Amino acid sequence: MSSAEQSPIYAPFFGVMGAASAIIFSALGAAYGTAKSGTGIAAMAVMRPELIMKSIIPVVMAGIIAIYGLVVAVLIAGDLGGSGTEKYTLFKGFIHLGAGLAVGFSGLAAGFAIGIVGDAGVRGQAQQPRLFVGMILILIFAEVLGLYGLIVAIYLYSSA
């Protein structure tokens, strides 16, 4: 195959879509997790205002999800320019698209899980303080879903 066949002009489109998917979907998950947990914190703070700072943990964990997507998006975007001698191949574009979708959709799922658990957890913690440790454990398992996507995305990125 010739160089033009391996590096068509539309090849970077897939890489750009991978970078966009990484940040868009992971930020959507982080935003949902933050909003859902935040409403739970606001409702809980009416009864127990002294627990507000302790209840911020789900919001912080949701924000970390967006960082995963940002890291992958920046890695992909940095590869799009390339050097003058190295062309952006279609294979590399597909790999970058897969990496972006992996971290983006896993971040979206993790953000949903963190939001739902965070909302219910902080509300329940206001009534029963012993729920805190269980809530944290469940939040960690939800966060790991996003981390799995980051690991797969970095593995894909490094294989391109």
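Predicted model: local features only at pLDDT ≥ 70, side-chain atom pairs only at ≥ 80, totals over all residues.

Author: Happy to; we can go through the annotations, the helices and a few side chains.

Reader: Good to know. Which residues does the UniProt domain annotation cover?

Author: The unreviewed UniProt entry places "domain: V-ATPase proteolipid subunit C-like" on residues 17-76 and 97-156.

Reader: And how much helix and strand is there over residues 17-76?

Author: That span is 85% helix and 0% strand, with its end C-alpha atoms 10 Å apart. For residues 97-156 the figures are 95% helix and 0% strand, and the end C-alpha atoms there also lie 10 Å apart.

Reader: What does UniProt list as "transmembrane region"?

Author: The unreviewed entry lists residues 12-35, 56-77, 97-119 and 131-157. In the model, residues 56-77 are 95% helix, and 32 Å separates their end C-alpha atoms. Residues 97-119 are 100% helix, with end C-alpha atoms 33 Å apart.

Reader: Which residues of α3 are buried?

Author: They are P58, M61, A62, I65, Y68, G69, V72, A73 and I76. The cover over them includes α2, α4 and α5.

Reader: How many residues does α5 have?

Author: Helix α5, residues 131-159, has 29 residues. From first C-alpha to last it reaches 43 Å, close to the expected 42 Å. Its buried residues include F132, M135, E143 and G146, and the buried residues of α5 pack against α3 and α4 (90-127).

Reader: I'm curious about S158 in α5. Is it buried or exposed?

Author: S158 counts as exposed, because its relative accessibility is 53% and the cut-off for exposed is over 50%. A polar atom of the S158 side chain lies 2.9 Å from the backbone oxygen of Y155. The C-alpha atoms of S158 and L75 are 9.9 Å apart, although 83 residues separate the two along the chain.

Reader: Now another serine: where is S55?

Author: S55 is in the loop between α2 (11-47) and α3 (57-81).

Reader: Buried or exposed, that one?

Author: S55 is buried, because its relative accessibility is 0%.

Reader: What does K54 lie over?

Author: K54 lies over the face of F132, 4.5 Å from the ring centre. F132 is also one of the buried residues of α5.

Reader: Switching to aromatics: how many aromatic pairs does the structure hold?

Author: There are 5 aromatic pairs. One of them is Y10 with F14, where the ring centres are 6.5 Å apart and the planes are at 75 degrees, so the pair is edge-to-face.

Reader: Why do you quote both the distance and the angle?

Author: Because a pair of aromatic rings is described by the distance of the centres and the angle of the planes.

Reader: Which residues do ring pairs link into a cluster?

Author: The cluster is made up of Y10, F13, F14 and F94. Y10 counts as partly exposed, because its relative accessibility is 47%.

Methods:
Residues numbered from 1 in each chain as written. Heavy atoms only, no water. UniProt positions renumbered as here; feature names shortened; annotations may be inferred. Helix = DSSP H or I, 4+ residues; strand = E, 2+ residues; numbered from the N terminus. Buried < 20%, exposed > 50% of the residue type's maximum accessible area, 1.4 Å probe, protein only. Phe/Tyr/Trp six-rings, centres within 6.5 Å; stacked < 30°, edge-to-face > 60°. Lys NZ or Arg CZ within 6 Å of the ring centre and 35° of its normal. Expected span 1.5 Å × (residues − 1). Contact = heavy atoms within 4.5 Å. Polar contact = N/O pair within 3.5 Å; in protein donor to acceptor, adjacent residues only side chain to side chain.
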